[in-house]
Amino acid sequence: YSLMSTFSHEMRTPLIGVCGALRLLKGSVQTAKDKNLVLTALASAKLFTFYVNDILDYFLSLSGKLMPKMEDCNIPLVLGQISKLIKTQIIDKIKYVLDVSPSLPKVYRTDITRLTQLLLLLLTKACKYTFRGSIQMIAHAEEGQLVVMIKDTGVGIIREKVEELNNLFSARIIKRTRKQMQSSASGTKLAGLGLEICTLLSRAIGGKLKVESEINVGTTFTLTLPYDIADRRMNFGENTMEMPSLGAEERKREDIHPRIKSFLAKNSKGLILVVDDNKTNRQVLRGMLEKRNIEIIEATNGLEAIKCVEDNVAKLNLILMDIEMPIMDGIESSAIITSKYRHIPVVAVSAFCPELDESRCKKAGMREFLEKPLSNSKITALLDNYFMQY
């Protein structure tokens, strides 16, 4: 698993740079044609990152380390965002339909990341094997459960394979031999591995999968989740939920919060220290923050970060800290900074696996863990949270 974690991090790091640069480019393109090209490239990069996360989650599950991260979300909105992503993969002659029951409660508590990964995997399979007709994502409540169906008019699955898949979905334990892992890696059983990942993801969020299919008629995958309605109310008119990692359509809350504007008016520019050994990541964060009238200083490792804090302690408002860096990593440097300067919040920003890194970050005194890439909406929420403290 350690090897796969490192591999996935190395894969995601350049992807994060691509996505960040495309987000910045999106705001400067002039024509509708160019903007559409940027959005298509961004959607493709997001989907690719989800697939990298799928592989990591598979090995996390096999090692017993896949832990759900439950949070409140707006299910109709999340399904709409997933639909926008998958539409970029559907051929023109296929009709895509999202059908969400009006009676479906909006506020739901689940692991948004895993739910998104799961539905994208199932929709991607539908896209791959559907050449005519339609692909539908249907969501409704049934007997206290959330039911999401992915229905296509594709080539279908033979009866024996349907039984095999339903046995897989209902199996208590999934085991793979070394030989099976090698065959999956070589591509001979890649489709099977994808559905194993679907099985593991559905279990991680407490759900069940089943499949029905008929040759040359189509296939329906049904995900059933126990309905866990959030206790607290959420105002989705202004604060919309987004898919974590690369799965979210960016929220429209890019304006600076009025209280942040007030803070900046009284204190000139806010000052944020960005600590990352990757130049592209620093450039992207600088571009996203400077358009919000935030001043940026940079460091390429933990040792430089400590020096920057000491030189700017009187005016520094926030530190965005990468974890894996040369010379001194983010964990060690954060522990030193937070022990001396408790008033300066340190936020971890990393492409590594949050399940494994989050506890280490908290022990080092970091306020929270944010998984790269940071979208415009995450940046806005970050500023809303920390600049309100001043």
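Start with Arg286: at 25% relative accessibility, Arg286 counts as partly exposed. The cut-offs are these: buried is under 20% relative accessible area, exposed is over 50%, and partly exposed lies in between (1.4 Å probe, protein chains only).

This is a predicted model, where local features need pLDDT of at least 70, side-chain atom pairs count only at pLDDT 80 or more, and totals for chains, interfaces and linings use all residues. Residues are numbered from 1 along each chain as its sequence is written, and side-chain values use heavy atoms, leaving out hydrogens and water.

Arg286 and Glu298 form a salt bridge, with their closest N and O atoms 2.9 Å apart. The pair links distant parts of the chain, 12 residues apart: Arg286 sits in helix α9 (residues 279-290) and Glu298 in strand β9 (residues 294-299). A salt bridge here is a side-chain nitrogen of Lys or Arg within 4 Å of a carboxyl oxygen of Asp or Glu. Helices (H or I, at least four residues) and strands (E, at least two) are DSSP runs, numbered from the N terminus. Select Arg282 and Glu290 too: with Arg286 and Glu298 they are linked in a network of salt bridges.

Next, pick Lys161 and Glu164. Their side chains meet in a salt bridge at 3.4 Å, N to O. Both lie in helix α5 (residues 159-170), three residues apart.

Move to Asp111 and Arg114. Their salt bridge has its closest N and O atoms 3.1 Å apart. Arg114 counts as buried at 4% relative accessibility, and Asp111 counts as buried at 2%.

Finish on helix α13. It is mostly covered, with 10 of its 12 residues buried. Among them are Ile379, Leu382 and Phe387.
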